[in-house]
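This report describes the fold and local geometry of a single chain. The sequence and the structure are shown first, and the description follows.

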Amino acid sequence: MKKWTSLLFVAIVMLFLSTGMAHAATTVQLKPKLILDGKTLQPKVPPVIIDNFVMVPVRIVTENMGYTVNYDNKKKQVTVSDDSTEVRMTLNKATAYVDGSAQTMGISPQIKSNNVLIPLRFLGDSLDIQVMWDNRIKAAFVYSSGNTNPGNTDVSDTKPPEGGMIGNLPGGQGNGSDDTVPPEDGMIGNLPDKPTDPGPVLPSVPPQVAGHIQEVRYEPEAVVLKYDGLVTPSVTSLDFPKRVVVDLPSADFNTNFLPALPADPALGKQGELLVSDHPALTKVRYSLYADNPRTLRFVLDLNQPWDYTILNNTTTGELRIELKQPVPDKSLFTVVLDAGHGGSDPGARGISGHWEKEFNLIIVRKVQALLANDDRIKLVLTRSGDTYPSLDDRVNLANSIGADLFISVHANSYYASTNGTETYYTRANSLSFAKLMHSLMVQATGLKDNGVRQAGFKVIKYTTMPAILLEAGYLSNKVDEPRLWTAALQDRVAAAIANGIKQQLKLS
Ligand SMILES: [Zn+2]
């Protein structure tokens, strides 16, 4: 399934419940972010570092804070103003006028793709607001004065207008009359040398809210938090009862958080999400855990120990807590290999006249040969000849011996044009095994990738361990069928199954 394989490209860190503190993995960020009051802005030109100065597009930031921005094309002048303050800056001049008094900006405003960029630090100084550059995550934070109050959550969700566009600047226009540019007060020749500090880094006052959580939801085998801005999760696992605790400092609920928070303020900002179809996860509780610094807490309640992986994709704004069945720590694993059909039930008839039951048994016997000398795996076959154990017999065998894995091998039949390899699972605790085995199977068959599918086949539904059903290809298809009977394909499929078993049991 494409949506699962794409996760392989995200950096992951395996974490186990028994290890206590966990650390989040963060994906590499390609484009610097601009975050105003915890909301990620979408400027056409992202922040950029020039000569040690963090430069940000002035219009998108200040307009979102309620300032009026004007650009005088002739004078090459940008004016940012509100009722009490006026900041006037000129392109390629490092002197600005704040309420009429000259101030050096350290570096002159620059134009990039019709957007005027100014130093982040000057923006903070001139408007008397808090700004911060986090070089680790390449994000510029701006806090409008109304938002330095930790209790303030009144943040607009509206998309910014025009991504930082400053007027219309025809490229290459150089005929503005220089005599209209305000006098320089002689400052231009007396600028200090390039500052020795690395730009506007003001970490002394940590931001109160860097990110807003928009949604918490449960997907098969994962709890997903959608967010805007930035979150830096701190993850802990606790016992009695078993639970995974995800703290998000400097974060708050979005005003439109889903599922909706209680309307009655007396009930506080909290809620829970019940989960009914996971073997370990029973619910997700969430609350505003602390006010200063503002911290959200998400608790995953478990009814048994379970492994998890944290994936924080800062590009898509998605924090995933992927749940994984723990692999028991033991020296001998029991694996049931089920050759589908047999005896009186021949299964699908191939277009060459061969029966599916023959193919299934050939594959299972080849896997058996490959694993014969591995004393860490006890392989149990539901049939080793042309016999027909009932589906109940197969299920009962696997459950009664406490098998660790169950694999049923089949080949398919449908319309003549239908072809390809697919892997089935029924229960959530089988999905990761299905994904693993399917990726190996598709490589081994070389046939069309039909993905991992969920279906309620009896042998994988009523068994209790991770259980999958493989459909190697279509005996009814003229492309698949001749290949399925070649020793080369059969050997590759058997090797894939043996490998998948070892990988799932973490034996290779
Ligand atoms: Zn079959």
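## Helix α9

In α9, the buried residues are Leu489, Gln490, Val493, Ala494, Ala496, Ile497, Ala498, Gly500, Ile501 and Gln504. A residue is buried if 20 or more other C-beta atoms lie within 10 Å of its own, exposed if 12 or fewer, and partly exposed in between, with C-beta atoms placed from the backbone. Helices (H or I, at least four residues) and strands (E, at least two) are DSSP runs, numbered from the N terminus. An α-helix has 3.6 residues a turn, so residues three or four places apart point the same way.

Helix α9 covers residues 487-504, and its 18 residues should span 26 Å at 1.5 Å a residue; the end C-alpha atoms are 25 Å apart, which agrees. The expected span of a helix is 1.5 Å times one less than its number of residues. Just after α9, Lys506 takes a positive phi of about 55°.

## Model and confidence

This is a predicted model, in which local features need pLDDT of at least 70 and side-chain atom pairs count only at pLDDT 80 or more, while totals for chains, interfaces and linings use all residues. Residues are numbered from 1 along each chain as its sequence is written. The average pLDDT of the chain is 81, and 81% of the residues score at least 70; pLDDT is the predictor's confidence in each residue, from 0 to 100.

Over residues 1-29 pLDDT stays under 50, and the model has 51 contacts beyond four places in sequence for them. Over residues 148-206 pLDDT also stays under 50, with 95 contacts beyond four places in sequence. Two residues are in contact if their C-beta atoms, placed from the backbone, lie within 7 Å. Where pLDDT is low, the predicted coordinates should not be read in detail.

## Overall composition

The chain has 9 helices and 30 strands. Of its 508 residues, 40% are buried. Among contacts between residues at least 6 apart in sequence, 68% join residues at least 24 apart.

## The antiparallel sheet

Five strands form an open sheet in the order β6-β7-β8-β9-β10, with antiparallel pairing. Its edge strands, each pairing on one side only, are β6 (68-72) and β10 (101-104). On average, neighbouring strands of this sheet are turned by 20° against each other, direction ignored. Two strands pair if DSSP finds at least two bridges between them.

Strand β6 pairs with β7 (residues 77-81) in the antiparallel sense over 5 bridges, and Asp72 stands opposite Gln77 in β7. Helix α3 (residues 120-127) packs on the sheet, where it touches β8 (86-90), β9 (95-98) and β10, and its direction makes about 25° with that of β9. Axes are lines fitted to C-alpha atoms, for helices over the stretch in contact, and angles run from 0 to 180 degrees between N-to-C directions.

## Strand β25 and its partners

Strand β25 is largely enclosed by the rest of the structure, because 6 of its 7 residues are buried. With β26 (residues 377-381), β25 pairs in the parallel sense over 5 bridges, and Phe333 stands opposite Ile377 in β26. The chain crosses from β25 through α4 to β26, and this β-α-β crossover is right-handed: with the strands pointing away from the viewer, the path from the first strand over the helix to the second runs clockwise.

Strand β25 also pairs in the parallel sense with β27 (residues 405-412), over 5 bridges. There, the bridge partner of Val336 is Phe406 in β27.

## Loops and backbone geometry

Most residues other than glycine have a negative phi, and most peptide bonds are trans. Glu221, in the loop between β15 (211-219) and β16 (222-229), has a positive phi of about 70° although it is not a glycine. Glu221 counts as buried, with 23 C-beta neighbours inside 10 Å. His341, in the loop between β25 (333-339) and α4 (356-371), has a positive phi of about 65° and is buried, with 23 other C-beta atoms within 10 Å. The peptide bond from Phe240 to Pro241 is cis, with omega near -10°, and Pro241 lies in the loop between β17 (234-238) and β18 (243-249). A cis peptide bond also runs from Leu258 to Pro259, with omega near -5°; Pro259 is in the loop between β19 (251-258) and β20 (270-274).

Ala280 is in the loop between β20 and β21 (281-291) and counts as buried, with 22 C-beta neighbours inside 10 Å. Leaving aside neighbours within four places in sequence, Ala280 is in contact with Leu302, Asn303, Gln304, Trp306 and Leu323. The C-alpha atoms of Ala280 and Asp301, 21 residues apart along the chain, are separated by 8.2 Å.
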